[in-house]
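Please have the viewer open as you read.

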Amino acid sequence: MIQKLACTVLTCLFMSFSALSQTGKVYDELTMKSEILKGERKYAVYLPPDYDTSQRSYPVLYLLHGAGDDQTGWVQFGEVLRITDEAIKNGTATPMVIIMPDAEQGKRGYFNQGDDWRYEDFFFEEFMPYVEKQYRIKSTKRYRAIAGLSMGGGGSFMYALHHPELFSSACPLSAYVGPLTIADLKERLKKSDVKFSESEIKAYFKRHNALELLKTVPVEDVKSVRWYIDCGDDDFLFEGNSLVHIAMTKKKIPHEYRVRDGRHSWTYWRASLPKVLEFVSDAFHQH
């Protein structure tokens, strides 16, 4: 009897230890074929600790990197595995799948740039449908979120404003909100070999500037997304983020706006990620 009891206790201890020691998994050199971008596209994925042992489907967070990084940025520098595992373990985040696409190979950026870099078309028409079939993901607005830093923060703004019907929450971090004036955009275009007409420049500005989109996207559509905007007080992109906060406040669009001590750096974004995970988890749950 004593021996049987001891075996039972040891078995329970082993099972408890195994549960506590479970970790998620990250794969950062995955590929898919894109007809739109005419080639293989890389991406990374985080799978939660119980993914292999359950049959359930999970909410998804699309996590976008900044300029100069690729799909491995949030893995290598953002420590997405450690931070997400900790957030799930301590109960501040729900288990979720995190998808990290590459917008660096070829031309750089999350938006369409001519016929040879239709990245936004690729994201919504090919990439999102592909990963949401490849993994056990709940493919509805309520269980889908987007976040990103810098260039990826701009992608988060634009994607959620272009398609508010697809995302329950959006978390732009230190975001490039787009050129603040048409003059700024024209100055940037001087570095390009391609010449654009005045009408093309105006059309691009209206579609790729968060402030302009807040003027044109129906307020109720913008309100259907939960917003978490975070930018350091020493960040060179502080102005655009501040102006978006003011514009949303004037339109009575609910949003969280955070300004912490910090600059445009991975130290800042690693500290942001636990808050992002908690925020999007609130959207995935009833609230």
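## The aromatic cluster

Which residues do ring pairs link into a cluster? In this predicted model, the members are Tyr43, Tyr62, Tyr110, Trp117, Tyr119, Phe122, Phe123, Phe124, Phe127, Tyr130, Tyr159 and Phe167. Across the whole structure, a search turns up 20 aromatic pairs.

One of these pairs joins phenylalanine 123 and tyrosine 159, with 4.7 Å centre to centre and 45° between the planes, a tilted arrangement. Phenylalanine 123 belongs to helix H4 (residues 119-134) and tyrosine 159 to helix H5, so the pair ties together parts that are 36 residues apart in sequence. Both phenylalanine 123 and tyrosine 159 are buried.

## Charges over rings

Two arginines are worth a look here. Arginine 226 lies over the face of phenylalanine 279, 4.2 Å from the ring centre. Arginine 260 does likewise with tyrosine 268, at 3.8 Å from the ring centre.

## The nonpolar cores

The largest nonpolar core has 50 residues, and Tyr62 and Trp227 are the ones that touch the most other members. Two or more residues each come from strand S2 (39-47), strand S3 (60-64), strand S4 (97-101), H4, H5, H8, S7 and H10. H4 gives the largest share, seven residues. Another core, of 28 residues, lies apart from this one and includes Ala93, Ala147, Trp266 and Leu277.

What surrounds tryptophan 227 once neighbours within four places in sequence are left aside? Its contacts are Phe157, Ala160, Leu161, Ala170, Pro172, Val222, Met248, Ile253, Pro254, His255, Glu256 and Phe279.

Helix H10 runs over residues 238-250, 13 residues in all, and reaches 18 Å from its first C-alpha to its last, close to the 18 Å expected at 1.5 Å a residue.

After H10 comes lysine 252, with a positive phi near 60°.

Key
Residues are numbered from 1 along each chain as its sequence is written. This is a predicted model: local features need pLDDT of at least 70, side-chain atom pairs count only at pLDDT 80 or more; totals for chains, interfaces and linings use all residues. Side-chain values use heavy atoms; hydrogens and water are left out. Helices (H or I, at least four residues) and strands (E, at least two) are DSSP runs, numbered from the N terminus. The expected span of a helix is 1.5 Å times one less than its number of residues. Rings of Phe, Tyr and Trp (its six-membered ring) pair if their centres lie within 6.5 Å; planes under 30 degrees apart count as stacked, over 60 as edge-to-face and the rest as tilted. Buried means under 20% relative accessible area, exposed over 50%, partly exposed in between (1.4 Å probe, protein chains only). A charge sits over a ring if NZ of Lys or CZ of Arg is within 6 Å of the ring centre and within 35 degrees of the ring normal. A nonpolar core is a set of buried Ala, Val, Leu, Ile, Met, Phe, Trp, Tyr and Cys residues joined through side-chain atoms within 4.5 Å. Contact means heavy atoms within 4.5 Å.
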